[in-house]
Amino acid sequence: MDNITALIVDDSSVMRKIVERSLRQAGLGIAQILEASNGAEALAVVEKNKVDLILCDINMPVMDGLEFVKQLAGIENAKGVPVVMITTEGSEGHVVQALSAGARGYIRKPFTPDQVREHVLPVLETKR
Amino acid sequence: MNSSDPTLPAHEGREYWLPTLQLAMQEVFDLMLACPLEVPPTPPPEAILDITSMVGLSGQLCGILTVRCSARTAARMAARMLGIDAEKAQPEMFDAVGEICNMVAGNFKNKITGLGDGCMLSVPTVLTGVEPGLGSTINDMRSGEMNINDEIQTVRLFEGEPIVLTLEIHS
């Protein structure tokens, strides 16, 4: 899959830039990056744009990542769009919560660009 | 070496928390800034710590984790994270220090059994300015390390400049 549009959701602009750089370095065919700083903003982005991949933080103001993933299921435009959580909340309980809510992968902060590739590539291959 | 390392059982006591905190901090700098931290000499070098980032912890551990450094150090950390010049990174320095504090707090709690699920983190808050009552100059610290009942503190050098990490334990 090429020409992928990825949405990065994080309240930290620095972290959004780091994730973007990691995605571009990974050679995953990323053509466009969209950004949102919380779950509510991200829902609005998804409603207006065709998105192929979402990378999402959990702890964010306004709407957190888990609530975002739950609400995403109700958006027709987003059916089948894989979500990978990128978060400091790395406990087993949080992973189970995120996967139960509909996330397809989980990356713990701090992370390396290689770890982003390792977790995102299988998710995109499944989508293919 | 990352947050998936085996965790330390909380019942082993808080004497392990200082090295765990230091490891959590080191991993964040290794992975996100590609820059190892150094142990400072005693006493640590002089610095005005005018940037403070705080993350609140609640649940099984209630407290505040703070990262303090100078504005110059904060800009250099942002530059490292983004791979750009420190001058260009200046607008991002508050966000960068907040995110570092957040990652250290998360990495720390994930290394203590029971805290990963039993302790929640707030979003980071970043303050500027020196508060003398909080010991904001590095000169106020004699050895750079402290591990008493309700406060764990450590100093590390990032590119030769001190960063003070404090875990204030409320309950």
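Visitor: How many C-beta neighbours inside 10 Å does Glu159(B) have, and what does it count as?
Guide: This is a predicted model. Glu159(B) has 16 C-beta neighbours inside 10 Å, so it counts as partly exposed. Buried would take 20 or more, and exposed 12 or fewer.

Visitor: Where does Glu159(B) lie?
Guide: In the loop between β8 and β9 of chain B. Its phi is positive, about 50°, although Glu159(B) is not a glycine.

Visitor: Is Val62(A) buried or exposed?
Guide: Exposed. Val62(A) has 12 C-beta neighbours inside 10 Å, and 12 or fewer is the cut-off for that class.

Visitor: Back to chain B. How many helices and strands are there?
Guide: Chain B has 5 helices and 9 strands. Along the sequence, the pattern is β-α-β-β-α-α-α-β-α-β-β-β-β-β.

Visitor: And how much of chain B is buried?
Guide: Buried residues are 45% of its 171 residues.

Visitor: What about contacts between residues 24 or more positions apart?
Guide: They account for 66% of the contacts in chain B with a separation of 6 or more. Ile169(B) and Leu61(B) give a case to look at: 108 residues apart in sequence, 7.4 Å apart in space, C-alpha to C-alpha.

Visitor: Where is Ile169(B) found, and what else does it touch?
Guide: Ile169(B) is in strand β9 of chain B. Leaving out residues up to four places away in sequence, Ile169(B) touches Leu61(B), Gly63(B), Asp150(B) and Glu151(B). It is partly exposed, because 17 other C-beta atoms lie within 10 Å.

Visitor: New topic: α1(B). What should its 16 residues span?
Guide: At 1.5 Å a residue, they should span 22 Å. The end C-alpha atoms of α1(B) are 22 Å apart, so that agrees.

Visitor: Which residues of α1(B) are buried?
Guide: Among them are Trp17(B), Leu21(B), Phe29(B) and Met32(B). Gln22(B) and Glu27(B) are on the list too.

Visitor: What covers them?
Guide: The cover includes α2, α4, β8 (151-158) and β9 (161-169) of chain B.

Visitor: What comes just after α1(B)?
Guide: Ala34(B), with a positive phi of about 50°. The loop between α1 and β2 (51-59) of chain B also holds Pro43(B). A cis peptide bond joins Thr42(B) and Pro43(B), with omega about -5°.

Visitor: Which residues does a cis peptide bond join in chain A?
Guide: Lys109(A) and Pro110(A), with omega about 0°. Pro110(A) sits in the loop between β5 (105-108) and α5 (113-127) of chain A.

Visitor: Now the two chains together. How many residues are in contact?
Guide: 25 residues of chain B are in contact with 20 residues of chain A. The largest share of chain B's side, 10 residues, comes from α4(B). By class, that side has 11 nonpolar, 9 polar and 5 charged residues.

Visitor: At what angle do α1(A) and α4(B) pack?
Guide: About 80°, with their axes 8 Å apart. That makes α1(A) roughly perpendicular to α4(B). Ser13(A), Val14(A) and Met15(A) meet Asp95(B), Ala96(B) and Glu99(B) there.

Visitor: Is Phe94(B) buried or exposed?
Guide: Phe94(B) is buried, because 21 other C-beta atoms lie within 10 Å. You'll find Phe94(B) in helix α4 of chain B.

Visitor: Last one. Which residues touch the most other members of the largest nonpolar core?
Guide: Leu55(A), Cys56(A), Ala78(B), Val97(B) and Val104(B), out of 82 residues in that core. Helix α4 (residues 93-110) of chain B gives the largest share, 10 residues.

Visitor: What is Cys56(A) in contact with?
Guide: Leaving aside neighbours within four places in sequence, Cys56(A) has contacts including Val9(A), Ala42(A), Phe68(A) and Ile86(A).

Key
Residues are numbered from 1 along each chain as its sequence is written. Chains are lettered from A and ligands numbered from 1 in the order in which they are written. This is a predicted model: local features need pLDDT of at least 70, side-chain atom pairs count only at pLDDT 80 or more; totals for chains, interfaces and linings use all residues. A nonpolar core is a set of buried Ala, Val, Leu, Ile, Met, Phe, Trp, Tyr and Cys residues joined through C-beta atoms within 7 Å. Helices (H or I, at least four residues) and strands (E, at least two) are DSSP runs, numbered from the N terminus. Two residues are in contact if their C-beta atoms, placed from the backbone, lie within 7 Å. Ala, Val, Leu, Ile, Met, Phe, Trp, Tyr, Cys and Pro count as nonpolar, Asp, Glu, Lys and Arg as charged, and the others, Gly among them, as polar. Axes are lines fitted to C-alpha atoms, for helices over the stretch in contact, and angles run from 0 to 180 degrees between N-to-C directions. Angles under 35 degrees count as roughly parallel, over 145 as roughly antiparallel, 65 to 115 as roughly perpendicular and the rest as oblique. The expected span of a helix is 1.5 Å times one less than its number of residues.
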